Amino acid sequence: MRKFPHRPRWAVLLVALALVLSACRDTGGGTATDDGTETAGATEGATAGGGEVQTDVGVTEEACPNAVNSDNGCIYLGIISDLTEGPFAALAVPITDAQKAFWKRVNEEGGIGGYDVDVESYIKDNKYNPEVHNQVYQEIKPEVLALAQTLGSPTTAAIIEDLKAENIVAAPASWTSAWEFEEVILESGTNYCIESMNAIDHAQRNISEDISVMAVGLPGDYGGDAAKGAEVAAEELGLDFSSVETTPGPENQAEAVGQIVQNNPDIVILTTAPTDAAAVIGGAAAEGYQGKFYGTSPTWNPALLESPAADAIKALYLQTAPWEPFGTDTPGHEAMREAIGDVEPNDGYTSGWVWSYPLKAALEAAAEAGDLTRAGIAQAASELETVDYEGMLPEEAGRFGGDPSETVYREIVVAEPDENEPTGVKVIEEFFASDVAQNYEMSGPCFTG
Amino acid sequence: MTDFLQALISGLGVGSIYALLAVGFVIIYKSMQVISFAQPALLVTGAVMVSYLRFDFGLNFWIALPLAMVLTALLALVIERLALRPMIGKPVFVVAIITIGVDIAVRVVVNRFIGLGARQVGDPWGLTIRRLGAVVVQERYLWMMLITAVVVSLLFAFFKYSRVGLAMRAAAFDQETALAQGISVGQVFALSWAIAGALAALAGTLAGTRAGIDQQTWVLGLKALPAIILGGLDSVGGAVVGGLAVGVVEAMVSRYQGAYFPWLGQNFSLVSPYVLMLIVLMIRPYGLFGTPEVERV
């Protein structure tokens, strides 16, 4: 690149434009960037919905941009998600789209306490990088009342102290047991730790009482939480247990496959990404492994049923999940499908939708109490005893505040591959919790790093 | 011994993918003195094209694969013409940064075509395994080695015997002299990108066998970096050896490290290529087959 003289620079501009466009990528149904909307920094005694409501940050008397109800004020919620190049973008985009649809529906039903809810003005991409997560959080913090989504646990860990200090309530997009111990995080469904305890119970009831268990998972809280839960249950039940930590990437699964084939456990608790799961299950099956794989919901993708490993997956794979899949007939699932419209079915939508209910309940309770300040929301969230998940989860799953051993929700569902279902899985056992899971004392996060 | 041979074959299979990618990096480097970070995007693009040609256009895998290689080569040509050619004369650092931008922009578009799930490339090998005596190997690894051996041999023949190949070598050796001899250095740049694009498409497709490709498959493209440093940035043969070495070292460490060096922790295999790279660089700073540069100060 050294000999030719200078050339016209329009192509350089074109590349720069492409970069800018990629950074501002539309996430499927809405903008992924700020629109510069200003919110009042600290308004006391704003009036909305006919009563005195106290507000501070992220709430305005002016209507939201593109408001459904132009007479309503506006509550701004932030979303920090993995929208472009991070490892969970394929899940994060539908999660975010479902949340946009969820809050749009809330607005169409009249809003909350005289306010519409805006989740589209402050959507930020964290690239699944804790540093970026914190940076974009600091950018939107002065503008939002709460976070409708904070995706990832290492990323959320980077802002958790600030969330607590500022009383900013947030809906997570992760299932780590650590969130049971953070009052500002409104988790839904059970965590990986309890989930794998229940998986072992299912296997004992359906395979054999005396099973050997191997946990195969990614490093960090995802695999670590599940492995710890499996270890606790195995120890409690006197079962053989081993654990293999693997790394992302289908071509990096040879070691895990080798360990599975060599040790031949009766069940494998699997916590990987979907293509890794296909490589592990397909690889192990090709070498003669005939045990069962219990994969957490992030191991699943309907496209796995089109992979060469499909037959092995149908024969050997079961999915444990914190709630029922996309095609289920509950009022909540039906409302979700109607709100998001004609999309490729994906349980990212289901998760994004379910995670939104507790925040809605907290906002409603705070509005009812006339206190839509950050402290008011945090107080209302900590007093939630039940949440109406419209049948997607039992109401008691929405209990927050207090001793985690009492508030943690412990039930899961088990599903099997079924290509006739929208997301390729069909529930074979409805919500249940094992004795081990029910009696487990949550004295601290299962995975501690 | 059986374990060793199994690990060796799987290492050579995966190493073949790295080798194809590494050769693409080196061909661009030799012509432009730039490391192109757009290769991961081209890798995914090629594999996605194979997937669409297979399942949406109903083509046979053996037709879809070369067609996707040609289409990816054309895309690489367009990228080179629009984004890289105007940067001639600029510092190589700037050009390398532009390739990073190209990589991100192309991947964002391609991700739309991948969608939320994984796309299959429809290879004919699936889960088939072969038993060579007591050694059990995945058939796809054997095909990966065979395809890479054929493609690399053709490339060497191309560089050695064809006029265009000789022109590329001449331009890589000395651009000014090549220009003086009537060689179009611009065409050499374009051709190097096209070849690298086709190789990336082939590597991506081979990587997508069995489990498919998803939005994270591009990360595999970065595995070629230790391979090219190991082999020497300006040596095609070194890239092949480096790629195979990275694959074999990963497989061997993955197989034996847990038993013999458990204190290194789990998944040390992923770090092992970089450790190997550091060791080689300490002994041969220009890589195993790289050209030492003599600088007078």
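This is a predicted model: local features need pLDDT of at least 70, side-chain atom pairs count only at pLDDT 80 or more; totals for chains, interfaces and linings use all residues.
## A loop residue in chain B

Q33(B) is partly exposed, because 16 other C-beta atoms lie within 10 Å of its own, a count between the 12 or fewer of an exposed residue and the 20 or more of a buried one. Q33(B) sits in the loop between α1 and α2 (39–55) of chain B. Its phi is positive, about 60 degrees, although Q33(B) is not a glycine.

## Confidence

The model has an ipTM of 0.72 and a pTM of 0.78. For chain B, the mean pLDDT is 90, and 98% of the residues reach 70 or more.

## Chain B as a whole

Chain B contains 11 helices and two strands. Read from the N terminus, the order of its elements is α-α-α-α-β-β-α-α-α-α-α-α-α.

The C-alpha trace of chain B spans about 60 × 55 × 35 Å along its principal axes. A compact globule of 297 residues would have a radius of gyration near 19 Å, and the value for chain B is 19 Å, so the two agree. Of the 297 residues in chain B, 57% are buried. Among contacts in chain B with a separation of 6 or more, 75% are between residues 24 or more positions apart.

## Two helices that cross

Two packed helices are described by the angle between their axes and the distance between the axes. In chain B, helix α5 (residues 139–161) and helix α6 (residues 163–173) have axes that come within 5 Å and cross at roughly 80 degrees. The range from 65 to 115 degrees counts as roughly perpendicular, and α5(B) and α6(B) are therefore roughly perpendicular to each other.

On the α5(B) side, the contact is made by F158(B), F159(B), K160(B) and Y161(B). On the α6(B) side, the residues are G165(B), M168(B) and R169(B). Sorted by class, the contact of α5(B) with α6(B) has four nonpolar, one polar and two charged residues.

## Where chain B meets chain A

How many residues of chain B are in contact with chain A? There are 53 residues of chain B in contact with 55 residues of chain A. The elements of chain B that give two or more residues to this side are α1 (2–32), α3 (61–84), α4 (92–114), β2 (135–138), α7 (175–180), α8 (185–207) and α10 (236–260). The largest share comes from α4(B), with nine residues. By class, the side of chain B that touches chain A has 28 nonpolar, 17 polar and eight charged residues.

## Chain A as a whole

Chain A has 15 helices and 17 strands. It has 449 residues, of which 60% count as buried.

P250(A) is found in the loop between β11 (240–245) and α8 (254–263) of chain A. Is P250(A) buried or exposed? P250(A) has 30 other C-beta atoms within 10 Å, so it is buried; the cut-off is 20 or more. P250(A) and D276(A) are 26 residues apart in sequence, while their C-alpha atoms are 4.5 Å apart in space. Leaving out residues up to four places away in sequence, P250(A) touches T275(A), D276(A), A278(A) and A279(A) in chain A, as well as R210(B) and A211(B) in chain B.

Y137(A) is part of helix α3 (residues 130–140) of chain A. Y137(A) is buried, because 24 other C-beta atoms lie within 10 Å. With residues up to four places away in sequence left out, Y137(A) touches I80(A) and I159(A). Y137(A) and G376(A) are 239 residues apart along the chain, and their C-alpha atoms are separated by 21 Å. E390(A) lies in the loop between α13 (374–382) and α14 (404–407) of chain A. E390(A) has 17 other C-beta atoms within 10 Å, so it is partly exposed. E390(A) is not a glycine, yet its phi is positive, about 50 degrees.

Methods
Residues are numbered from 1 along each chain as its sequence is written. Chains are lettered from A and ligands numbered from 1 in the order in which they are written. Helices (H or I, at least four residues) and strands (E, at least two) are DSSP runs, numbered from the N terminus. The radius of gyration is taken over C-alpha atoms; the globule rule is 2.2 Å times the number of residues to the power 0.38. Two residues are in contact if their C-beta atoms, placed from the backbone, lie within 7 Å. Axes are lines fitted to C-alpha atoms, for helices over the stretch in contact, and angles run from 0 to 180 degrees between N-to-C directions. Angles under 35 degrees count as roughly parallel, over 145 as roughly antiparallel, 65 to 115 as roughly perpendicular and the rest as oblique. Ala, Val, Leu, Ile, Met, Phe, Trp, Tyr, Cys and Pro count as nonpolar, Asp, Glu, Lys and Arg as charged, and the others, Gly among them, as polar. pLDDT is the predictor's confidence in each residue, from 0 to 100.
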